[in-house]
Amino acid sequence: MTPRTRKSLESVLDNLVWFMLIVVLALFSALIPNYFQIGIFTNIIEASSVLGVMSIGLALVIIAGHMDLSVESVAALAAMAVGILFCSAGIGMGIKLSPQWLMIPASLLVACGIGALIGLFNGFLVVKLKMSAFIITLASFIWVRGIVLAVSGGRSAQDLDPAIRWFAIERVAGIPLSAWIAIACFVVFSVLMAKTPFGRHLVMIGGNETAAYRAGIRVTRNLIIAFVLAGAIAGLAGWLLAIRTSGATANLGVGLLFNAFAAVVIGGVSLKGGVGALPGVYAGVLLLSSINTAINLMGLPANYTQVIHGFLVLAAVLLDTFKQRLRQRLA
Amino acid sequence: MTEKLLVLNDIRKNFGAIEALKGISFSIGKGEVVALLGDNGAGKSTLVKIISGGLQPTSGQMLFEGEEFEAKTPAEAKAAGIETVYQDLSLCTNVDVVANFFMGREITRKIAGIPFLDERAMEEITTKALTSAGTRIPSMRTKVEHLSGGQRQAIELNRFAHWGGKLLLLDEPFAALGVEQTRRGLDMIRHVASQGIGVVIITHIMQQAFQVADRIVVIRHGVVAGDVDRTKTSPDAVIEMITGQTLTGAGPVGKQ
């Protein structure tokens, strides 16, 4: 095989998810009536904002060679905290701040702060005490959801303050601001991962932690920051979730974890660590979102969505394995 | 060569009940190449790890440039000017040649206070360093996983030749190299040493030790079994020191 064919094959493998996205969109547009509309496409982008933001954090940690299963529960807790503080109905306390816009940074700070704290807790246990990331974050997944249930008492908060709701209503170029926030996050974190020493170090740690350590990279510090970032971003996802649903319920966001997982893996991030980039993850999120939209449009019973999602996760992991084998053959 | 770069004084290391090092004392001068020889399990790698900050000695004292020194992490050793090439390579195969060459010391440009990688500058320096050392690598942007064992070894060696530091530790650096690459590697070591950098090389191959070293230090059962000038000894004598048949210039082997 010549170096050039190898190179082009590799770039196809690296960007496989974008090709899949185009093919899937083309297929749906051709086969499903009413799919090919601007409204549908903006809808896909809008529907993928929460999942997208959550996937960023998950992807960071997986690229660095670890795992964070707690992102879904962290998002739910952040949403519940924002809901309780700034909702006026249900269990909401309806706190008002003046001027009104102060509520935006305040709610953001609460959401991201909660996420960052849980991320710090996870990171400390996993990195400093060298416990298994899978078990630690699985535990967090459970206890954080438990806190959501406990503080809400199983009830919900409704009617989020309009000053915060504004992000879901105001649109620029047909897309609500909340979706622009997700896109902005992808841009910022893509640059962070690809163009800064911190991102480069995370990729190297994911590839060969020992080598990175020997080269004088502060592995412990970087990994803990990755966990804190993942938590804070999950908090942001929760904030968006609260805005979208104008409140919070105790079972808000259940099942998002596996969608995020599927999006990350479909997006080309290897579960082995060290491989993958964030633009691909966004494509993965859009891909999942377009499939969801197709299911809705075809009028399939909602009960089947879960079956399809399950198979998607399976397909994603299979794809990952297949790609790894192909790469080994190319090498 | 008169000035001592690193002095080891009665370094001991225990792993539980096992005494890996039972009091190692020797020194390395500036610009001196010391070959560290010894049988498997003699304690060579443990010693190198202690100098490079990967392990802490149980007791003993190290003087680096005349001052007491003990690295808690490889980063500290590196900051002091001690570079290490390990037996198993320290490359991240999932990133490209440039990224590996600059691992942990990336060139950045600050834009609005945020450091961004200066890829072009790094690629230029890497290309220059590798081509001047005669290493042929098709593209600096190739991921290291696609390179051969020899090419990987060359990147690692060039990295140290380039960054230099004050003391270079090599733990069996030529295990995976061909004849020509080994010769180039040995040349590189002489070149590094001629700049006044101290070099400690661990090797199993007697011929290499005699080709490159100024002094040969033999470790046996965790003690220095011989510390001789290369010109004043022969491969046969060194082999006897390693296997323990004679005790030329030896420390207290076996009877303490």
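Let me begin with A:G268, which is buried at a relative accessible area of 13%, where buried means under 20% relative accessible area, exposed over 50% and partly exposed in between, with a 1.4 Å probe and protein chains only. What we are looking at is a predicted model, in which local features need pLDDT of at least 70, side-chain atom pairs count only at pLDDT 80 or more, and totals for chains, interfaces and linings use all residues. Residues are numbered from 1 along each chain as its sequence is written, chains are lettered from A and ligands numbered from 1 in the order in which they are written, and side-chain values use heavy atoms, with hydrogens and water left out.

A:G268 sits in the loop between α13 and α14 of chain A; helices here are DSSP runs of H or I with at least four residues, strands are runs of E with at least two, and both are numbered from the N terminus. If we leave aside neighbours within four places in sequence, A:G268 is in contact with A:V275, A:G276 and A:K323, contact meaning heavy atoms within 4.5 Å.

A:L21 brings us to helix α2 of chain A, whose buried residues are A:V17, A:L21, A:V24, A:F28 and A:S29. Why do they lie on the same side of α2(A)? They do so because they cover an arc of only 130 degrees around the axis, the arc being that of the directions from the helix axis to the C-beta atoms. These buried residues pack against α3 (38-47), α13 (256-266) and α14 (278-297) of chain A, whereas the face turned away from them carries the exposed residues A:I22, A:A30 and A:L31.

Another buried loop residue in chain A is A:D161, with a relative accessible area of 2%, placed between β2 (157-160) and α8 (162-169). Beyond its neighbours within four places in sequence, A:D161 is in contact with A:F86, A:K96, A:Q100 and A:M103.

Turning to the cores, the largest nonpolar core has 112 residues, of which A:W239, A:I266, A:L278 and A:V281 touch the most other members; such a core is a set of buried Ala, Val, Leu, Ile, Met, Phe, Trp, Tyr and Cys residues joined through side-chain atoms within 4.5 Å. Helix α12 (residues 219-245) of chain A gives the most to this core, with 15 residues. A second, separate core of 30 residues includes B:A193, B:I201, B:V218 and B:V228.

In chain B, six strands form an open sheet of mixed pairing, in the order β6-β9-β10-β3-β11-β12, where two strands pair if DSSP finds at least two bridges between them. The edge strands, each pairing on one side only, are β6 (82-85) and β12 (223-229). Within the sheet, β3 (residues 33-38) and β10 (residues 198-202) of chain B pair in the parallel sense over four bridges, and B:V33 stands opposite B:V199 in β10(B).
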